[in-house]
Number of protein chains: 2
Amino acid sequence: MSIMSSQPVFALDLQSLIRAKSVASAASASDQRPKVSTKDRILNATEALFIARGFDGTSLRAITTDAAVNLAAVNYHFGSKEELFSLVLTRRIDVLNAERLRRLDALETVGLDGVHGLEQIIATLFLPALALARDTAQGGEDFLRLLGRAYADPAPFVRSLLAERYASTNARFKAAFARALPDLANEDLSMRLHFILDSVAASLAADDVRRQLKGLKINARANDEDDLQFLAYLAPFLAAALRAAVRQPKQIAALKALAA
Amino acid sequence: MSIMSSQPVFALDLQSLIRAKSVASAASASDQRPKVSTKDRILNATEALFIARGFDGTSLRAITTDAAVNLAAVNYHFGSKEELFSLVLTRRIDVLNAERLRRLDALETVGLDGVHGLEQIIATLFLPALALARDTAQGGEDFLRLLGRAYADPAPFVRSLLAERYASTNARFKAAFARALPDLANEDLSMRLHFILDSVAASLAADDVRRQLKGLKINARANDEDDLQFLAYLAPFLAAALRAAVRQPKQIAALKALAA
DNA sequence: CATCGATTCAATCGATTGATTCAAACAGAT
DNA sequence: ATCTGTTTGAATCAATCGATTGAATCGATG
């Protein structure tokens, strides 16, 4: 303590003292400074702030303050704010989409189940997301929040990044849904699919929805079995929505009588 | 033209010339400057920019440039950026919620239909939105975009504004849904309701979804009859989703076999 | 220990943000 | 036409934005 006083000391001596101290603490049992690299601290802080405030609402100064690094470290390690956020988004979503495509490939080589083909595709879409939400190395629960925020962010940079990078994946799944729902017109399918994908993303981004998930104890999932249980909760909801018939004259007449 | 040259002129003369010119054009047949007040021009420009870029992404200078008014006019007429956006949001959503509550009141005095009670509530929620989307005085199609963007905006100011101002309305509709779905657990209802409301908002905010709506010619609605037709397209989708059973052991087993 | 590339640091850049100023111009009442 | 309160305009404020600089310091290598 007294060594660290403000009295003038030899700069070299002071630095060597600090260096020795940090090395000592790293070797100690408590390990007060967890060995997380500057790059990773910036990425993690950026992810947390993006979830809470979006792209425009997150400044580099807020990031570097939370990450306890120098402001210039962002441009040194990542080049620019956009390149940083691009990495933050893709390091999560790329993993998700790769697993989704892997499962879809496997599913299409075996062929869709005639009766439950729709549930199979839904499972292919959502099980990877649920699995990643349990993987702390992939952000855990924050993974779902990141996903929701990313698809809702109004910044042109974010929207173009998602649209361009995952266009082919979306096309693959739309084609799969089209085969499972042969009677649904292409335009109807596009709308309902987009509706569902945006829906899940938006809902998962909302804090109170996740709080309710926790209340249902379906957020304490610990293994794939629990994921299936959660999907059994969600899949009928989504499958029923996708299978619902469209624009039957009878329904119009019924609604007309009811909505007066 | 030559009068407007950069040569020194009497300030008063120049101003009077400009004034005379604008007055003349206002009296002319073409009427190049539509008599929209400064206040309304700011509100309209703010709405358009909020839809496109969100709260954080919209600067007062972008607003005043689009509205062709002076920068100081914003703070003079509205006090601050937040007060301006608060007005922009509430002038639309207040109308929507008032009409929703009016219809809900009427529905509850008559009593819910036993068979189609759920569709009645859904109609109560969505018909006012569809009607407003046809009313150019209420923003027309932009009304839906505003709604979607508002519920997705990450700015704390926007989120707290919506949560506080419309909490009671949401509670009213949740209670109504609970009566129409007596077998659905309260937590399940909360989640699904939030899921649906966020869903519609998020979907309507997406440009390509509205483009698909246009392709289905359900966006060319001109009267209440057409609204009912559109609702006949959407209501079965939503009702089926809400009515879908939850967590049946049979479905879990089926999914387990399928998701391998 | 000396050297060198990699990294961190404080300081600062020009641009943009929301907000404010005060004089000029305005519309309506008398 | 004159007066009076309201509205507009150009200029500018301090604060913050993303980005950059060059020196200081780091860890690894010879």
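Start by selecting A:Gly54, the residue that follows α2(A) and has a positive phi, near 80°. Helices here are DSSP runs of H or I with at least four residues, strands are runs of E with at least two, and both are numbered from the N terminus. A word on ground rules: this is a predicted model, in which local features need pLDDT of at least 70 and side-chain atom pairs count only at pLDDT 80 or more, while totals for chains, interfaces and linings use all residues. Residues are numbered from 1 along each chain as its sequence is written, chains are lettered from A and ligands numbered from 1 in the order in which they are written, and side-chain values use heavy atoms, with hydrogens and water left out.

**Back along the helix**

Now select α2(A) itself. Its 16 residues reach 22 Å from first C-alpha to last, close to the 22 Å expected at 1.5 Å a residue; the expected span is 1.5 Å times one less than the number of residues. Which residues of α2(A) are buried? Colour A:Ile42, A:Leu43, A:Ala45, A:Thr46, A:Glu47, A:Leu49, A:Phe50 and A:Ile51 to see them. Buried means under 20% relative accessible area, exposed means over 50%, and partly exposed lies in between (1.4 Å probe, protein chains only). Show the surroundings too: the buried residues of α2(A) pack against α3 (60–67), α4 (72–78), α5, α7 (141–152) and α8 of chain A. Contact here means heavy atoms within 4.5 Å.

**Across to chain B**

Next, pick A:Arg53 and B:Asp56, whose side chains meet in a salt bridge at 3.5 Å, N to O. This pair crosses between chains, from helix α2 (residues 38–53) of chain A to the loop between α2 (38–53) and α3 (60–67) of chain B. A salt bridge needs a side-chain nitrogen of Lys or Arg within 4 Å of a carboxyl oxygen of Asp or Glu. Side chains of opposite charge can pair when their charged atoms come close. Both ends are partly exposed: A:Arg53 has a relative accessible area of 27%, and B:Asp56 has 31%.

**Salt bridges within chain A**

How many salt bridges does the structure hold over all chains? There are 20. Select A:Arg165 and A:Asp94 for one of them, with the closest N and O atoms 2.6 Å apart. Because A:Arg165 lies in helix α8 (residues 156–165) and A:Asp94 in helix α5 (residues 81–110), the pair ties together parts of chain A that are 71 residues apart in sequence.

Move on to A:Asp105 and A:Arg172, which meet at 2.9 Å, N to O. Here A:Asp105 in helix α5 is linked to A:Arg172 in helix α9 (residues 167–180) of chain A, 67 residues apart.

**The phenylalanine rings**

Count aromatic pairs over all chains and you get six. Rings of Phe, Tyr and Trp (its six-membered ring) pair if their centres lie within 6.5 Å; planes under 30 degrees apart are stacked, over 60 edge-to-face, and the rest tilted. Select A:Phe55 and A:Phe157, a tilted pair at 5.1 Å centre to centre with 40° between the planes. A:Phe55 is in the loop between α2 and α3 of chain A and A:Phe157 in helix α8, 102 residues apart. A:Phe55 is buried at 8%, and A:Phe157 is buried at 15%.

What lies over the face of A:Phe55? Show A:Lys81, at 4.4 Å from the ring centre. A charge sits over a ring if NZ of Lys or CZ of Arg is within 6 Å of the ring centre and within 35 degrees of the ring normal. In chain B, the charged end of B:Lys81 sits over the ring of B:Phe55, 4.5 Å from its centre.

**Last stop**

Finish at B:Leu181, in the loop between α9 (167–180) and α10 (186–205) of chain B. B:Leu181 is buried at 10% relative accessibility. Beyond residues up to four places away in sequence, B:Leu181 touches B:Leu118, B:Leu189, B:Leu242 and B:Arg243. The C-alpha atoms of B:Leu181 and B:Arg243 are separated by 7.6 Å, although the two are 62 residues apart along the chain.
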